[in-house]
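Have the viewer open alongside.

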Amino acid sequence: MITTLLSLALAAFTITPQAAVDEVPAGHVTVDIVSVNGSGCPVGTTEIAVADDNSEFTVTHHGDFTARVGPGVDPTDSRKNCQLALSVNVPSGFTFGIIRADYRGDVSLRDGAVALQRALYYFQGMSDTTSRSHPFRGPIVSDWHTTDATDPGSVIFAPCGQDRLFNINTELRVNAGTSGATSSISMDSPDRNPNAHYRFVWKRC
């Protein structure tokens with residue numbers, strides 16, 4: 001298993017500074033898919049679930065979120081991505097940020113091949129975005145796990161009282177490099193177990 005810890009930074013809003021709270025809202029939190037686009041997540045192949053304690057939400061891809069290269073493989077399959085626009089509905093008096101994101105999948109790279117898992121995060125209406133990338137280098141045949149995290153004092157929160165979609169763009173790339181053989185990296189889940197976990201942090205408005 002490969003674990004990488006990188007900073008997760010979301011686009012900044014001008015809002016009154018206020019510390020995150022340990023208190024979790026007791027009301028029901030929902031996360032709804034407003035739109036889904038990309039070669040890695042055909043319509044109907046992505047599921048969202050919110051934890052009962054409102055601590056996180058998960059994303060499950062069960063289509064064909066696999067980037068691959070090799071003899072006879074369509075060149076466009078070397079990159080797969082998924083763009084999610086999410087409506088996060090929180091109880092009155094609270095707003096949210098994302099303090100941690102975890103991803104998992106499988107990777108199979110021949111000697112000389114390389115792959116990349118990348119995630120980009122932003123709130124609707126902001127032109128600036130921040131992305132983090134996780135490289136892999138062959139030879140390797142393994143599960144993989146990556147983590148994007150941020151310091152609690154640096155979390156960016158959605159502005160209180162405004163409806164802003166939270167956007168996540170995840171991407172997989174693979175390059176055969178000097179190998180010329182079949183290689184792949186996947187974030188698909190035929191067993192319907194979540195591929196990604198997004199940890200909430202809360203504050204009062």
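Strand β6 (residues 79-89) is largely enclosed by the rest of the structure, because 9 of its 11 residues are buried. Buried here means under 20% relative accessible area, with exposed set at over 50% and partly exposed in between (1.4 Å probe, protein chains only). Strands are DSSP runs of E, at least two residues, and are numbered from the N terminus.

Strand β2 (residues 30-37) runs antiparallel to β6, joined by 7 bridges, and Val36 has Leu84 as its bridge partner in β6. For strands to count as paired, DSSP has to find at least two bridges between them.

## Where the model comes from

This is a predicted model, so to speak of local features takes pLDDT of at least 70, side-chain atom pairs count only at pLDDT 80 or more, and totals for chains, interfaces and linings use all residues. Residues are numbered from 1 along each chain as its sequence is written, and side-chain values use heavy atoms, with hydrogens and water left out.

## Asn169 on β11

Asn169 sits in strand β11 (residues 166-175) and is buried, at a relative accessible area of 17%. Leaving aside residues up to four places away in sequence, Asn169 touches Asn81, Cys82, Gln83, Arg118, Ala119 and Leu120; contact means heavy atoms within 4.5 Å.

What does the side chain of Asn169 make a polar contact with? It's the side chain of Gln83, at 2.8 Å. A polar contact is a pair of N or O atoms within 3.5 Å; within protein, one must be able to donate a hydrogen and the other to accept it, and residues adjacent in sequence count only if both atoms are side-chain atoms.

## Salt bridges

The whole structure has 6 salt bridges, each a side-chain nitrogen of Lys or Arg within 4 Å of a carboxyl oxygen of Asp or Glu. One of them pairs Glu171 with Arg173 (2.4 Å, N to O). Glu171 is buried at 5%, while Arg173 is partly exposed at 40%. Salt bridges with shared partners tie Arg79, Arg118, Glu171 and Arg173 into one network.

Asp102 and Arg100 also meet in a salt bridge (2.7 Å, N to O); Asp102 counts as buried at 13% relative accessibility, and Arg100 as partly exposed at 35%.

Notes: Helix = DSSP H or I, 4+ residues; strand = E, 2+ residues; numbered from the N terminus.
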